Amino acid sequence: MTLVAGSYEKFVWGFSLKTLKPGDGETLTLALKPLFSYPSHTAPIKSVAVAGPVAASGGADDAIKIYDLASAAELGSLLDHAGAVTALAFYTSPLAPSLPRNLLSASDDGAVCIYDADPFVHLKTVAAHRRGVVDLAVHPSGRVALTVGRDSCLAMLNLVRGRRSFSCRLAQEASIVRYGSEGGGRFVMVAEEKISVHDSEDARLIHELDAPKRVLCIAPAENGLLFTGGEDRSVTAWDTASGKVAYCMQDAHSTRVKGLVVFKNSSEGQNSETSNFIASASSDGVIRIWDVRMTSNEKPNPLAEANTKSRLTCLAGSSMK
């Protein structure tokens, strides 16, 4: 399993999560092994994405950098935006889940770029918003994507035809949009401390969840769970079926939580043990691994931890080999 983080100091960080097999009667031991760290951008990094052996980062320098995780090497740059790259998302086919098929990028220039991922070739630029694009999410089918922008709009992009197919104004500007992990039948938006769960078919509001403070990152999980982190420094799991809090890891970090990654089972026989792990990153540079089964403890301890000593801005990961 691999984690990639970006920082305000222009550094990109790579870690491998190693599972150390316990002996009889011993507890599971994990370690975050550093893979690489270097200043890959000329301005703060605003977004990262990982799919299988490939990672990407987007910066305030308008550039996208591509990395090969196996060799811990930078492969090159994509320079098709005229503004900071605010969000990145890989699309992987269910038939080949360990290899990305496409990369999508969103920018402060209001556009979304669509790339082929093998090799990385620019296919199309779609005008998505009148102002900057804040976030994007790709449907599991790979046919459509959702974006939210600084124009307080939600847009749907037809990725087959390469154009915007729908746009509507929101009551409040959203900062995050994500599809749920179970088939894409639902999507989630975040606006400050408000989390709204919608039906993907007609955007109908199903639940509205209220976090205690501003939400900065989310990660959909299996069984309808949604993990959130933000200015309350905690990691909260919501049951999107009921709209209630399932459990919360209070004070998971000493500063605000900026990134979350839920590790999921792959179709390649991955150890089911890892499907209970979640990674979190905070603005003070600390990355922690948690076992969600320990949430019944009053103060759960992280299974592994790494300190980058930098101001982390984003986190992405992959459990694919």
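Modeller: A residue is called buried under 20% relative accessible area, exposed over 50%, and partly exposed in between. Keep in mind that this is a predicted model.

Biologist: Then is Glu 231 buried, exposed or partly exposed?

Modeller: Glu 231 has a relative accessible area of 31%, so it is partly exposed.

Biologist: What does the side chain of Glu 231 meet in a salt bridge?

Modeller: The side chain of Arg 214, at 3.8 Å from N to O.

Biologist: Which residues are in the network with Arg 214?

Modeller: Salt bridges with shared partners join Glu 192, Arg 214 and Glu 231 into one network.

Biologist: Why do such side chains pair at all?

Modeller: Side chains that carry opposite charge can pair when their charged atoms come close.

Biologist: How many salt bridges are there by this rule?

Modeller: The count is 11. One of them is between Lys 194 and Asp 210, at 2.6 Å from N to O. That pair links distant parts of the chain, with Lys 194 in strand β18 and Asp 210 in strand β19, 16 residues apart. Lys 194 is partly exposed at 29% relative accessible area, and Asp 210 is partly exposed at 45%.

Biologist: And what does Lys 65 form a salt bridge with?

Modeller: Lys 65 forms one with Glu 74, and their closest N and O atoms are 3.6 Å apart. Lys 65 has 14% relative accessibility, so it counts as buried. Glu 74 is at 34% and counts as partly exposed.

Biologist: Which strands does β22 pair with?

Modeller: Strand β21, residues 225-230, pairs with β22 in the antiparallel sense over five bridges. Strand β23, residues 244-249, also pairs with β22 in the antiparallel sense over five bridges.

Biologist: What stands opposite Val 235 and Trp 238?

Modeller: Val 235 in β22 has Gly 229 opposite. Trp 238 stands opposite Val 245 in β23.

Biologist: Which residues in the two hairpins take a positive phi?

Modeller: The hairpin of β21 and β22 has four residues between the strands, and there Arg 233 takes a positive phi near 70 degrees. The hairpin of β22 and β23 also has four residues between the strands, and there Gly 243 takes a positive phi near 80 degrees.

Biologist: How many aromatic pairs does a search of the whole structure find?

Modeller: Six. Among them, Phe 227 and Tyr 247 form an edge-to-face pair, 6.2 Å centre to centre with 65 degrees between the planes. Phe 227 lies in β21 and Tyr 247 in β23, so this pair ties together parts that are 20 residues apart in sequence. Phe 227 counts as buried because its relative accessibility is 4%.

Biologist: Which residues form an aromatic cluster?

Modeller: Phe 36, Tyr 38 and Tyr 67 form one aromatic cluster. Phe 36 has 9% relative accessibility, so it counts as buried.

Notes:
Residues numbered from 1 in each chain as written. Heavy atoms only, no water. Pairing = 2+ DSSP bridges. Phe/Tyr/Trp six-rings, centres within 6.5 Å; stacked < 30°, edge-to-face > 60°. Buried < 20%, exposed > 50% of the residue type's maximum accessible area, 1.4 Å probe, protein only. Salt bridge = Lys/Arg side-chain N within 4 Å of Asp/Glu carboxyl O.
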